[in-house]
Amino acid sequence: MQKMRAIIAREITKLLENAEASEIESLIEYPPNPEMGDLSLPCFKLSKQLRKPPQAIAEELKSRIGLDSFARVEAVSGYLNFYLDGARFASSVISEALTQGDRYGSRNIGEGGKVVIDYSSPNIAKPFHIAHLRSTVIGHALYRIHEFLGFDCVGVNHLGDWGTQFGKLIVAYRQWGDAAEVESDGIDELLRLYVKFHDEAERDPSLEDQARNWFVRMEQGDEEALTLWRRFVDISLAEFKRIYELLGVSFDSYTGESFYNGRMEAVVAELREKALLEEDNGAWLVRLDAYDMPPALILKKDGSSLYHTRDITAALYRKATYDFRKAIYVTDYAQNLHFAQWFKVVELMGYGWAKDLVHVPFGRVSLEGASLSTRRGNVLKLEDVLNQAIAKTREIMEARPQPIADVETVSRQVGVGAVIFHDLGSSRIKDIDFKWEDVLNFEGESGPYVQYTHARACSVLAKAEAAGLALCEIGQQAPGEAVLGALPINEATVRLAKELSLFGERVELAMHKLEPSIVARCLVDVAQAFNRFYHECRIMAEEDGVRTARLALVQAAKLTLANGLRLIGLEAPEKI
Ligand code: ARG
């Protein structure tokens, strides 16, 4: 479809004076129903420039444009509507998909440029909670989307493994903790201690001072403090890695906040040298009044560093280490100000690359209307969510008359897929009210629906192979006229071809908008178009030529679904 747009834009540009092809291309729309054409150029904007009524422009363009690539062109109510030649269009889409295989939809936009993506980045020593899932799956999808488009990605987990919360944990552990319980219950026990600390601190505020002191000891390299800290980190990481594995997510680097200890002094000195630091009651900060923002705190009164300090240091480190073209940070929108502040500080330090720092915010998660808070112990543990989704999938699969062989693996793939897709399915900035019935609803626009459709396409192909039919080779030469010329053209077929052809441009749009939900929704569209084709068009019962051509379309749909699922971090089992 993108090629068709380019062809139209080129032809129209030839006919108009002072027209830019890119501008014309951006005007072209995909009409909501095929009676209004497959592509359409609204002539209203042109009407202003040309001082003629839109319908007159549409008619004039219609009479002068070359028709080669289209079945027909109509001028209706100020629109110039283009109707595809279904047969030619469908065969070119199928040929392209089958020759490109698992690269179908990809393009080399990045040309190897580096993109550093900071995602997941949980504060450890707390259970991995459902809000971390958002950063994890959005960031992971952005990683795969960029990679597919030719970027060289570096995934960084900026673990929250430093800060006063560890001081609190140390206080709680020394007063109420028990080594054996921490050993056996891991993060659950750490959470219990953390919640207990906050309960007790309401009665006894001196606990907060003690916690601050312990954190200062950590910063000063105190042996006892660091040993406890390391124990908490190890316990947390072991649990987090288990969850990442379940989600199929990985990172190229685990440089968390503690990594920057010892690296911040130089940055603080640089800020001072550049006359950006100002003292305020013993603390040090960078004023941002001129930019309508509160100051960025760099050092506390007691000399300890802050979240800003670490982020600035980390950005300088990443630029020096990776020389990124773009550095992306995925967090909830509550951190908008934080990122705006320190991005500005980096700019004020004189680094032109501050413009390449991108914050990708997402909406917050509430649980059946109530907000989630670790301090109050109101957490929804991701692992429980995943396990429930897996259990439900398993139940459905085992209730079938003939369950498949590998129920265990497939229930994991589908259950986890349901949870990931639930998170990615709508635009990231929307708040999510987490409802079990939504997550576990596998009908309609869900991950399992797309995965199931992919498996259905696989099963059609498997049946064909079992019947001794030769399928087109993927990644080889295009099947050609001899095969695809026999494809019967009807609405369901053209619609499916159209959805397949839109895949690549939607992936590109998802990259530009940093919005994986665009890929997720595209997959639902492809799946719906495929299911309609599957219900309306016979395959195996047809004569040879038609059957072979339709099987090629099924192959194209299958690989588009598989590519898209992979991009948003879902697996694509062949049998469900
Ligand atoms: N640890 C932070 C949190 O859980 C998110 C860190 C995001 N990354 C960053 N470089 N600041 O809120």
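Trainee: What covers the buried residues of α7?
Mentor: The cover includes α9 (187-203), α10 (206-219) and α11 (223-247). Bear in mind that this is a predicted model.

Trainee: Okay, and which residues of α7 are the buried ones?
Mentor: They are Gln165, Phe166, Gly167, Lys168, Leu169, Ile170, Val171, Ala172 and Tyr173.

Trainee: What span should α7 have, going by its residues?
Mentor: Helix α7 covers residues 164-176, so its 13 residues should span 18 Å at 1.5 Å a residue. The end C-alpha atoms are 18 Å apart, which agrees.

Trainee: Where does Gln175 sit?
Mentor: Gln175 is in helix α7 too.

Trainee: Why does Gln175 count as partly exposed?
Mentor: Because 13 other C-beta atoms lie within 10 Å of Gln175, and a residue needs 20 or more to be buried, or 12 or fewer to be exposed.

Trainee: Pick a residue for me. Where is Ile57, say?
Mentor: Ile57 lies in helix α4, residues 54-64.

Trainee: Is Ile57 buried or exposed?
Mentor: Ile57 is buried, because it has 22 C-beta neighbours inside 10 Å.

Trainee: Which residues does Ile57 touch?
Mentor: Leaving out residues up to four places away in sequence, Ile57 touches Cys43, Leu46, Ser47, Leu50 and Lys52. As for Ala87, which is 30 residues away along the chain, its C-alpha atom is 29 Å from that of Ile57.

Trainee: Now the ligand. Which residues are around it?
Mentor: Asp118, Ser121, Pro122, Asn123, His158, Gly160, Asp311, Tyr329 and Thr331 are around the ligand. By class, that shell has two nonpolar, five polar and two charged residues.

Trainee: What does UniProt place at residues 122-132?
Mentor: An unreviewed UniProt entry puts a short sequence motif there, the 'HIGH' region. Over residues 122-132 the chain is 27% helix and 0% strand, with end C-alpha atoms 6 Å apart.

Trainee: And what is at residues 450-576?
Mentor: UniProt, again in an unreviewed entry, has the domain "DALR anticodon binding" at residues 450-576. Those residues are 69% helix and 0% strand, and the end C-alpha atoms are 11 Å apart.

Trainee: What about Asp323, what is its phi?
Mentor: Asp323 has a positive phi of about 45°, and it is not a glycine either.

Trainee: Where is Asp323 found?
Mentor: Asp323 is in the loop between α13 (307-322) and β9 (326-332). With 11 C-beta neighbours inside 10 Å, Asp323 counts as exposed.

Notes: Residues are numbered from 1 along each chain as its sequence is written. This is a predicted model: local features need pLDDT of at least 70, side-chain atom pairs count only at pLDDT 80 or more; totals for chains, interfaces and linings use all residues. UniProt positions are given in the numbering used here, feature names are shortened, and annotations may be inferred rather than shown by experiment. Helices (H or I, at least four residues) and strands (E, at least two) are DSSP runs, numbered from the N terminus. A residue is near a molecule or strand if its C-beta atom, placed from the backbone, lies within 6 Å of it. Ala, Val, Leu, Ile, Met, Phe, Trp, Tyr, Cys and Pro count as nonpolar, Asp, Glu, Lys and Arg as charged, and the others, Gly among them, as polar. The expected span of a helix is 1.5 Å times one less than its number of residues. Two residues are in contact if their C-beta atoms, placed from the backbone, lie within 7 Å.
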